[in-house]
Amino acid sequence: MKALSSRIHQILGQLEHVRQTGPGKWLARCPAHDDRSPSLAIREANDRILIHCFAGCDVAEILQAIGLDMADLFPERVNDRYGQKSSLPKFSAYELFPLLVQEATILALAWSDAMSKRALSDADYQRVKQAYQCVMRLQMEVSK
């Protein structure tokens with residue numbers, strides 16, 4: 001477990017605006033895209049580190065942005081006692097709720113601007129688009 005602790009601290013040290021959301025769980029800005037608010041979930045799970053960008057960045061892109069690769073997340077896979085690879089744990093709806101609230105707030109603010117006939121800047125439009133995609137991914141994640 002000591003090796004995992006070292007690896008998680010190495011990863012968290014490369015990220016910005018990291019905040020712990022629970023035991024072995026963090027949110028941070030994703031280094032693979034222009035992330036204004038944390039959309040990268042990091043979680044310790046047994047002897048693995050799970051990383052998921054709710055804006056849709058690929059894990060390989062995220063790791064490349066901080067100078068790491070997949071081997072830094074996973075130990076050598078071993079088969080369980082039945083000869084099958086173990087499955088990875090998923091994020092629970094409870095863990096995803098704070099991110100959903102954040103992204104829904106962005107969508108609500110954009111809707112309010114649209115109803116008041118205020119135009120969005122290109123950057124704001126891109127962020128609203130990212131928020132919408134994130135909410136759709138969260139919906140799929142929770143319904144699995």
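The legends below describe close-up views of a predicted model of the protein.

**View 1. Overall fold and confidence of the predicted model.** The secondary structure of the protein comprises four helices and four strands, which follow one another along the sequence in the pattern α-β-β-β-β-α-α-α. Of the 144 residues in the protein, 34% are buried. Among contacts with a separation of 6 or more, 53% are between residues 24 or more positions apart. The mean pLDDT is 80, with 79% of the residues reaching 70 or more. Among the elements, strand 2 (residues 25-29) has the highest mean pLDDT, 93, whereas helix 1 (residues 2-13) has the lowest, 75. Over residues 77-82 the pLDDT is below 50, and in the model this stretch has five contacts beyond near neighbours in sequence.

**View 2. The hairpin of strand 1 and strand 2.** Strand 1 (residues 16-22) pairs with strand 2 in the antiparallel sense, over four bridges. One of the pairings to look for is that of R19, whose bridge partner in strand 2 is L27. Two residues lie between the strands of this hairpin, where G24 takes a positive phi near 70°. L27 is also one of the residues of a second, separate core, which has seven residues in total and includes F54, L99 and C134 as well.

**View 3. The hairpin of strand 3 and strand 4.** Strand 3 (residues 40-45) and strand 4 run antiparallel and are joined by six bridges, with I42 standing opposite I51 of strand 4. This hairpin, too, has two residues between its strands, and N46 takes a positive phi near 55°. Strand 4 (residues 48-53) is mostly covered, since five of its six residues are buried. The C-alpha atoms of R48 and L73 are separated by 5.9 Å, although the two residues are 25 residues apart along the chain.

**View 4. The largest nonpolar core.** This core has 19 residues, of which I11, L15, L40, I42 and I51 touch the most other members. Helix 1, strand 2, strand 3, strand 4 and helix 2 (59-65) are the elements that give two or more residues to the core. Leaving aside neighbours within four places in sequence, I11 is in contact with I49, I51, I66, L68 and L73. I51, which is among the residues touching the most other members, is also the residue that I42 faces across the strand pairing.

View 5. A search of the whole structure finds zero disulfides.

View 6. R127 lies in helix 4 (residues 122-143) and is buried, with a relative accessible area of 9%. The side chain of R127 makes a polar contact of 2.8 Å with the side chain of E103, and a polar contact of 2.8 Å also joins the side chains of R127 and S37. S37 is found in the loop between strand 2 and strand 3, and at 15% relative accessibility S37 counts as buried. Beyond neighbours within four places in sequence, R127 is in contact with S37, Q102, E103 and I106.

Conventions
Residues are numbered from 1 along each chain as its sequence is written. Side-chain values use heavy atoms; hydrogens and water are left out. pLDDT is the predictor's confidence in each residue, from 0 to 100. Contact means heavy atoms within 4.5 Å. Buried means under 20% relative accessible area, exposed over 50%, partly exposed in between (1.4 Å probe, protein chains only). A polar contact is a pair of N or O atoms within 3.5 Å; within protein, one must be able to donate a hydrogen and the other to accept it, and residues adjacent in sequence count only if both atoms are side-chain atoms. Two strands pair if DSSP finds at least two bridges between them. A disulfide is a pair of cysteine sulfur atoms within 2.5 Å. A nonpolar core is a set of buried Ala, Val, Leu, Ile, Met, Phe, Trp, Tyr and Cys residues joined through side-chain atoms within 4.5 Å.
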